[in-house]
Amino acid sequence: MSETVIVAVENGAMRVTLNRPERLNALTAEMLDALRVAFARAASEAEVRAVLLCARGRAFCAGQDLGEAQAAYDLGAHVERHYTPLVLAMRDLPKPVVARVHGVAAGAGANLALACDIVVAGRSASFVEAFSRIGLLPDTAGTWMLPRLVGHARAMGLALLATPMTAEQAYAWGAIWSVADDDALETRCDELVAALAAAPTKALGATKRAMAQGWNNDLAAQLDVERDAQRALGTTHDFVEGVEAFTAKRPPAFRGD
Ligand code: T3D
């Protein structure tokens with residue numbers, strides 16, 4: 001039996017590949033469990049300093065496997081068991097997560113991608129909030145993420161109409177970091193993840209956490225968050241190394257601690 005989620009760690013980067021191409025990587029319980037285990041591993045292993053979420057086949061991910069969803073007697077329990085902890089694990093991970101999106105990302109597949117810290121899309125990519133087509137609402141943090149990324153009006157249009165958001169639209173509307181030609185997408189993302197895996201991990205983790213806190217804080221509270229995080233970062237090896245490298249006019253060798 002082939003693995004439906006493939007996890008590999010190399011040179012500080014964890015690559016997590018959805019591998020159920022014949023079903024456009026529609027998410028089964030087995031895959032969702034494997035994703036959670038992968039993100040827990042990324043959190044616990046110091047060797048992992050960045051994560052790439054990507055997929056095999058012609059699409060990124062068609063969302064929840066609808067065969068399994070139909071069999072679930074309580075969708076709320078299914079969401080709570082699988083999607084809630086996965087989104088929290090991705091958002092709470094103090095390391096950057098990059099999504100490499102090609103082809104369709106639909107339903108939970110779209111929102112999993114948009115929950116990543118940096119999203120790079122191939123020109124073939126589209127993000128479809130397919131939920132309303134089958135009588136559901138956007139989950140996997142869609143109702144939280146979308147208005148913050150693209151604004152209320154566009155979020156409502158995407159969610160109520162299930163109109164695909166193209167890669168170019170996603171970029172123009174601020175939902176993703178960049179768009180690449182499909183044949184350059186893999187290389188672009190590998191370079192990006194390699195750079196993040198060689199960066200000062202603690203600083204990136206603190207940045208991710210502070211940005212998330214900023215969505216809910218007032219200015220004074222957020223300035224306190226920055227002060228406390230900067231105090232902690234000032235004691236790290238990578239801060240000393242960054243300043244020494246700058247002074248010596250050489251590239252820094254960050255260790256992630
Ligand atoms: O249970 C819970 O926790 C609730 C949570 C729900 C979260 C969600 O994600 S709900 C939304 C689920 N996803 C969808 O509604 C999308 C369904 N798929 C589509 O609308 C289309 O497949 C696409 C727009 C993604 C792509 O269309 P197209 O024409 O390129 O491909 P296709 O022919 O529709 O699909 C190819 C095959 O994949 C096909 O199988 P076949 O006919 O070759 O045997 C199709 O049935 C299968 N497939 C696609 N999506 C799913 C799927 N099988 C199971 N579940 C899917 N989501």
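Helix 1 and helix 3 cross each other in a left-handed sense, and this crossing is one of the features described here for a model that is predicted. The points below take up the helix pairs and then the ligand.

**How the helices pack**

- Helix 1, which covers residues 29–44, packs with helix 3 at an angle of about 30 degrees, and the axes of the two helices are 9 Å apart.
- Because angles under 35 degrees count as roughly parallel, helix 1 and helix 3 are described as roughly parallel to each other.
- Helix 5 (residues 142–150) and helix 6 (residues 152–161) have axes that come within 7 Å and cross at roughly 130 degrees.
- Helix 5 and helix 6 are therefore oblique to each other, and helix 5 passes helix 6 in a right-handed crossing.

**Which residues surround the ligand**

- There are 22 residues around the ligand, and those that come nearest are Arg58, Ala62, Gln64, His78 and Ala108.
- Sorted by class, the shell around the ligand has 13 nonpolar residues, together with 4 polar and 5 charged ones.
- Helix 2 (66–71) and helix 3 (75–92) each supply at least two residues of this shell.

**Polar atoms close to the ligand, and its cover**

- Arg23 has a polar side-chain atom that lies 3.1 Å from an oxygen atom of the ligand.
- In the case of Gln64, which is also among the residues that come nearest to the ligand, a polar backbone atom is 2.9 Å from an oxygen atom of the ligand.
- For Leu66, a polar backbone atom is 2.9 Å from a nitrogen atom of the ligand.
- The ligand, taken alone, exposes 1,100 Å², and the protein buries 68% of that area.

Terms used. Residues numbered from 1 in each chain as written. Predicted model: local features only at pLDDT ≥ 70, side-chain atom pairs only at ≥ 80, totals over all residues. Heavy atoms only, no water. Near = heavy atom within 4 Å. Polar contact = N/O pair within 3.5 Å; in protein donor to acceptor, adjacent residues only side chain to side chain. Areas by Shrake-Rupley, 256 points an atom, 1.4 Å probe, with all protein chains shown as cover. Helix = DSSP H or I, 4+ residues; strand = E, 2+ residues; numbered from the N terminus. Nonpolar A, V, L, I, M, F, W, Y, C, P; charged D, E, K, R; others polar. Axes fitted to C-alpha atoms, helices over the stretch in contact; angles between N-to-C directions. Parallel < 35°, antiparallel > 145°, perpendicular 65-115°, else oblique. Left-handed = near helix turned anticlockwise from the far one by under 90°.
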